[in-house]
Amino acid sequence: MNPISSGKIILSPLIVLSFLTPAFPPLEQTTSKWEDIPEVAVLLEVYGDFIQETTTKDNDVAFLINKTWVYFRNGRMLTEEGFRFQNRYQSIFYDYPLGKLIKPPKYQQMPVRSSDFLDLVFGTKETLLREQCDWVPFLDHKAYMNHFCEEALRKVETEIFYAAKSNVEVEDFVENLKIIYSFQQKKVRGSENASHHSYGLALDLVPESYDGKHANWKWSTAFIKEWHLIPLEKRWTPPQAVIDAFEKNGFVWGGKWSHFDTIHFEYAPEILRLSRIKNN
Ligand SMILES: [Zn+2]
């Protein structure tokens, strides 16, 4: 029997309304809102060519990439298999400070991020990944990089060479560059995260000398227990003009991470775009 028409129970209009409102907002409403999520907007902007479809599924935003759905899950970007362990993961997005670093980044636990998204976009097989990479000339060396970031890296090089004409510090940096490590099938040091190196999206610019300074938190743990407190002047750092050239073209610098890695740059335009949106 319909309780509203029975006449025996008097219901307030609010309760009646709650009977009529579905548990989840209607599909159309959610769909029209996904562009309002800044993280989703930057993902579509940066990786749009790899995403075949974006829709609302199970009250979440879902992206179809290579026949597999990957779900937004508050930035965690997980396939259905990843749901079981979703509490282990943090968002693939993080706060990245723009401009010159003025103090060491605040200590944070090493985040665990799912590699589901990048695995789907670029694949995981080494042969397949190598097909997407090429040797790119960079500062009188070569880096084996994914086509996805090749043009951006060439622009970085042009800007660094230009800066070197009038900036001795940049000139010395280029001259003292010893070797570049780029594509490697390896995990991020000290974590189970897949590194951007695995996709040909990262490069380490190794200098002839670190001048006795710290370049990587992991190397420093051997000498200093409170490595996260190492002041910036004791950390090996590329010239600011070099960092600026990378950031301008979509590369994040590892020196701004809590677990610092000052020779490391990786192509993650979504992180920089999100930072610019949030700081505007
Ligand atoms: Zn690296």
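In helix H6, Ile160, Ala163 and Ala164 meet Val170, Glu171 and Val174 of helix H7, where a contact is counted when two C-beta atoms, placed from the backbone, lie within 7 Å. By class, this contact of H6 with H7 has five nonpolar residues, one charged residue and no polar ones; Ala, Val, Leu, Ile, Met, Phe, Trp, Tyr, Cys and Pro count as nonpolar, Asp, Glu, Lys and Arg as charged, and the others, Gly among them, as polar. The axes of H6 (residues 147–166) and H7 (residues 168–175) come within 6 Å and cross at roughly 125°. That angle makes H6 oblique to H7, since angles under 35 degrees count as roughly parallel, over 145 as roughly antiparallel, 65 to 115 as roughly perpendicular and the rest as oblique. Axes here are lines fitted to C-alpha atoms, for helices over the stretch in contact, with angles running from 0 to 180 degrees between N-to-C directions.

The model is a predicted one, in which local features need pLDDT of at least 70 and side-chain atom pairs count only at pLDDT 80 or more, while totals for chains, interfaces and linings use all residues. Residues are numbered from 1 along each chain as its sequence is written.

Taken as a whole, the protein chain has ten helices and nine strands, which are DSSP runs (H or I over at least four residues for helices, E over at least two for strands) numbered from the N terminus. Of its 280 residues, 30% are buried, a residue being buried if 20 or more other C-beta atoms lie within 10 Å of its own, exposed if 12 or fewer, and partly exposed in between. Among contacts between residues at least 6 apart in sequence, 55% join residues at least 24 apart.

The phi of Asn66 is near 45°, a positive value in a residue other than glycine, and Asn66 is partly exposed, with 13 other C-beta atoms within 10 Å. Within S3 itself sits Trp69, also partly exposed, with 17 C-beta neighbours inside 10 Å. Leaving aside neighbours within four places in sequence, Trp69 is in contact with Lys57, Ala62, Leu64 and Thr79; Thr79 is ten residues from Trp69 in sequence, and their C-alpha atoms are 6.1 Å apart.

A positive phi, of about 55°, is found at Asp211, again not a glycine. Asp211 is placed in the loop between strand S7 (202–207) and helix H8 (217–220), where Asp211 is exposed, with 9 other C-beta atoms within 10 Å.
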